[in-house]
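Please examine the structure shown below together with its sequence. This report then describes the fold and some of its charged side chains.

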Amino acid sequence: MSDAVLEHSAAALTRGSSSFALASRLFDRELRQDVRHLYAWCRHCDDAIDGQDHGMGMAPPPAEEQRDRLRQLRLLTEAALDGKPVAEPAFAAFQRVAVKHRLRREWPMALLDGFAVDVQGGEFGSVEDTLAYCWRVAGVVGVMMAAIMGTRDPAALRRAQDLGIAFQLTNICRDLLEDAAQGRLYLPRERLDAAGVAIAPGLLLDADRRAAIFPAVREMLTLAEAYYASARIGLRALPFRAALAVAVARALYREIGRRILRQGPAALQQRMHVPAHAKAWLLIRGVAAAVASRWERLAPFPPRPPLWSMI
């Protein structure tokens, strides 16, 4: 029997994230469906605010329309959480997974709060400001993903948060020029000031300016590495097939940042991608990390490093 909501969710993941779509094949069938449903809602909300098509072609609508869209997203999300009928496939998908796994209400609302920051055009003065934004738009998604994988232990959820934060720090550095074209700059102002760089977002479109800000990019990607390392510990809290998928996604996404670090300022000229031949090797590394996590779970859960955390 055809399931329009499931088909919509599957298409959203396939079109929205090739790396995560590849990793998601390692989930068992039921969990893969739940992950797709959550992803479809996240993708829809993000696209609505940024005027994108599955994460591509950013063209944000006028500010007032953005605010209207955000209000509508909140209303539909609350309706889905309350079990009310929702016709939009992305919200019907979210309702299925949120009700099934009893997701805490503050988690999806935190994501929408993150999109509100984009709508309001706030500045990120400190590293903590940037990390708080990363929590809202990605760290909380990691927590929700871990919850639908069966994890509720706070220590494990913090590691899932860490993976989401690492992903978003990578995003910020990868999408620097695309965001700058829309007047957005997520690098912490204090780091640019410390380097003696006074840059408005639009000036990043000038190639000569990119080398000046690369130290700040390097610092964010180095911080991302610390979060990726912390997140790896959380693999032991997941069922094996879930750990496989998450480990592969971690390896694929981490490689984006590592390639930017290796290439330096030249890497900022265009959106960084991981070629297919490299993905095969990263798939093997992800599988190895997941297998190692089965042995690691025999030991006590180690203390988390002193990284910024919301939970």
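The sections below treat the overall fold, the charges and salt bridges, and one further pair of residues.

This is a predicted model, in which local features need pLDDT of at least 70 and side-chain atom pairs count only at pLDDT 80 or more, while totals for chains, interfaces and linings use all residues. Residues are numbered from 1 along each chain as its sequence is written, and side-chain values use heavy atoms, with hydrogens and water left out.

## Overall fold

The protein contains 13 helices and zero strands. Helices (H or I, at least four residues) and strands (E, at least two) are DSSP runs, numbered from the N terminus. Read from that end, the order of elements is α-α-α-α-α-α-α-α-α-α-α-α-α. The radius of gyration is 19 Å, close to the 19 Å that the globule rule gives for 311 residues, so the protein is as compact as a globular protein of that length. This radius is taken over C-alpha atoms, and the globule rule is 2.2 Å times the number of residues to the power 0.38. Along the principal axes, the C-alpha atoms fill a box of roughly 55 × 50 × 35 Å.

Of the 311 residues, 55% are buried. Here buried means under 20% relative accessible area, exposed means over 50%, and partly exposed lies in between (1.4 Å probe, protein chains only). The protein exposes about 13,700 Å², of which carbon and sulfur atoms supply 55%; the areas come from the Shrake-Rupley method with a 1.4 Å probe, and for residues only the protein chains shown count as cover. Among contacts (heavy atoms within 4.5 Å) with a separation of 6 or more, 73% are between residues 24 or more positions apart.

## Charges and salt bridges

The protein has 41 positive and 34 negative charges, and their mean positions are 7 Å apart. Lys and Arg count as positive and Asp and Glu as negative, whereas His and the chain ends are not counted. Each charge is placed at NZ of Lys, CZ of Arg, CG of Asp or CD of Glu.

How many salt bridges does the structure hold? There are 24 salt bridges, each being a side-chain nitrogen of Lys or Arg within 4 Å of a carboxyl oxygen of Asp or Glu. The table lists some of them.

| Pair | N to O distance |
|---|---|
| D47 and R43 | 3.1 Å |
| R74 and D113 | 3.1 Å |
| R105 and D82 | 3.0 Å |

D47 and R43 both belong to helix α3 (residues 29–50), where they are four residues apart, about one turn of the helix. Both D47 and R43 are buried.

The side chains of R74 and D113 also meet in a salt bridge. R74 lies in helix α4 (residues 63–81) and D113 in helix α6 (residues 106–120), so this pair ties together parts that are 39 residues apart in sequence. R74 is partly exposed at 23% relative accessibility, and D113 is partly exposed at 34%.

R105 forms a salt bridge with D82. This pair links distant parts of the chain, 23 residues apart: R105 is in the loop between α5 (89–101) and α6, and D82 is in the loop between α4 and α5. R105 is partly exposed at 37% relative accessibility, and D82 is partly exposed at 43%.

E123 lies in the loop between α6 and α7 (127–148). With a relative accessible area of 59%, E123 is exposed. The C-alpha atoms of E123 and L187 are separated by 9.1 Å, and the two residues are 64 residues apart along the chain.
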